[in-house]
Amino acid sequence: MRKKKKRSLMLMTLPGIFLICIFVIIPLINGVRISFYTWNGYGKVMKFVGLDNFKALFTDMRLPRITVNTLIYGFGSCLLENVLGLAAALFVAEKFRGRNGIRAILYMPIMISGFIMGKIMSYVFTLDNGVLNDLLAVFGTGPVYWMKNSWISSLIITVVNSWQYMGLCMLIYLAGLQNISSSYLDAAAIDGASGWQQFFKIKLPLLIPAITTCVITNLINSLKLYELVVGLTNGGPNRETMSLSQYIQVLYFDDEKAGYAAAAGIFLFLLIMVLSLPINRFLRSREVQL
Amino acid sequence: MNHKEKKSTKIIRFIICALIVLIYFMPIYLLGNVSVREATDFSSKLWPTQNPTLEKYITILTDPMVWKSFANTLLYAALEILFLIPTAAMGGYALSRSAGRLSNMIRTFNILVMMIPGTALLVGTYSLMVNLHLTNSIFGIALYGAGASMTGSMFFYTTFSTSIPTELDEAAELDGAGPVKTFFYVIMPLMKGITVTRVISVVIGCWNSYLMPLYLLTKSEKYTILLYVRKLFTNSVIQDVPLSFAAGAVMVIPIVVFYFVMQKYIVGGQIDSSVKG
């Protein structure tokens, strides 16, 4: 009887595991295989070249800048989203009229496609007729050429990305704050702890599980940043604001170097793994056991 | 805390709220403001349009392709829900009732799958879909979508099922029901609430999904709404900014309205899926 039950439980997981195998595992293996070949992405001719694609990748003149961009998007957004999200969570955790409305508004930009948001924002930051410059003109300051320097463009992408997706962190922190029993805070208040002390000594340590979730999810997602870059700068000027994700797509479909794109894909996967697994382990070890 | 201090915090709070509303509605305001002007109107996008016209909306809404792309998007979402939700709920429940090590493995596996960038899978997926003859097929993209978000959803249902007491299963078992029957008659009804939030998040995901549809749905009669709008934004021959903004508004406004109506489920579901894990 027990054995039969166990078997039917296993059978119930099969449809899901089947779909995962077809659409995640097989493409991944397929991608690794293609990275050892030169291929234009659609033709019949595939030539085995061993590790040549990887050798070419690590001598690619564009790779350092694109990797640095990816790191700026990844760590910059992760930091900003967590700080903004925590601040927003503390703000809407207070009771005031219209609090639910503000909460809903702070989460709203996530509903808007990253591509469309990028397009709108590109009109905000342009030099001529840009929305931000029109606003500055009201205060009598001259137009600023926001996108002149590609490093500044990268920072703008980071800020827009953090602003758009900060609501997710806010909700996670809000749930974390709601889980903190008010008896701890009351006891601390009786002992004379100030608001800041309560935050740093009680709330923050108890929020570490929420911090783990927020940091890891946002780090992974922002290292994969793609649509917003396409919408905002399309990687330009001269591929200088590109993220690795966009570079892979350009290599595959525009430059028709499928093998090379697959190698870049594996590089990005390994980069994400090397960066996020140790951080995940570190944060988990700091979680408070009650 | 004296009365005066309270008043000043109230004022500061009000100012912050007002700023939030201004900044967060700015993109939608810009979409609306630019969409009601003529293509030849190059005045500032910030200030309200002089002589607003609905001409661009009429152009968009009388284009049969926009309705076709709305229908495609809804079909895409419906099929993905059909492929994803029952499988993930059933699998997630079964995992939660198996040995603890297995669900721990799924948790680690889930993070690993999350780390695989969509673009890295692009090369492998695209050639697979070509071989399976699933390009330019809403069915194909929905099946792909279900597979790609399976680990996340399964994990979500596993953590939720863990909070359902096993006494319920045992009672059903005593009445002679096997695990499959128990799942459909006892467990599934208990998961109604979180299933609603899952369904909503699939709809939003399909509405905004970009990368795979872009390469797998290349014929314009298979376009989703985002691909339709994208085509107008990236048209390099004729730059009609108001027309693309109108198309953007036609795409963005329904989902924002849907969000505010369904807000309770979306926000609640997000909290459930992130913290309980």
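This is a predicted model: local features need pLDDT of at least 70, side-chain atom pairs count only at pLDDT 80 or more; totals for chains, interfaces and linings use all residues.
As for who takes part, the contact of helix 3 with helix 7 of chain A has 18 nonpolar, 9 polar and 1 charged residues.

Now for another pair in chain A. Helix 10 (residues 208-223) of chain A packs with helix 13 (residues 258-285) of chain A at about 175 degrees, axes 10 Å apart. That angle is over 145 degrees, which makes helix 10 of chain A roughly antiparallel to helix 13 of chain A. On the helix 10 side, the residues in contact include A:Ile208, A:Ile211, A:Val215 and A:Leu219; on the helix 13 side, A:Ile272, A:Leu275, A:Ile279 and A:Arg284 are among them. By class, this contact of helix 10 with helix 13 of chain A has 11 nonpolar, 3 polar and 1 charged residues.

Here are the two pairs next to each other:

| Helix pair | Angle | Axis distance |
|---|---|---|
| Helix 10 and helix 13 of chain A | about 175 degrees | 10 Å |

On to where the chains meet. Chain A puts 67 residues into the contact and chain B puts in 69. Several helices of chain A each supply at least two residues of the side that touches chain B, including helix 4 (99-107), helix 5 (114-124) and helix 12 (244-253). Helix 1 of chain A gives the largest share of that side, 18 residues. By class, the side of chain A that touches chain B has 48 nonpolar, 14 polar and 5 charged residues.

Chain B itself is assigned domain 1 (1-53) and domain 2 (55-275). The C-alpha centres of these two domains of chain B lie 32 Å apart, with 9 residues of domain 1 in contact with 13 residues of domain 2.

And the confidence? The complex gets an ipTM of 0.87 and a pTM of 0.88 from the predictor. Chain B has a mean pLDDT of 84, with 91% of its residues at 70 or more. Within chain B, confidence is lowest in helix 4 (residues 100-115), at a mean of 72, and highest in helix 6 (residues 138-148), at 93.

Key
Residues are numbered from 1 along each chain as its sequence is written. Chains are lettered from A and ligands numbered from 1 in the order in which they are written. pLDDT is the predictor's confidence in each residue, from 0 to 100. Helices (H or I, at least four residues) and strands (E, at least two) are DSSP runs, numbered from the N terminus. Ala, Val, Leu, Ile, Met, Phe, Trp, Tyr, Cys and Pro count as nonpolar, Asp, Glu, Lys and Arg as charged, and the others, Gly among them, as polar. Domain bounds come from an automatic or database domain assignment. Two residues are in contact if their C-beta atoms, placed from the backbone, lie within 7 Å. Axes are lines fitted to C-alpha atoms, for helices over the stretch in contact, and angles run from 0 to 180 degrees between N-to-C directions. Angles under 35 degrees count as roughly parallel, over 145 as roughly antiparallel, 65 to 115 as roughly perpendicular and the rest as oblique.
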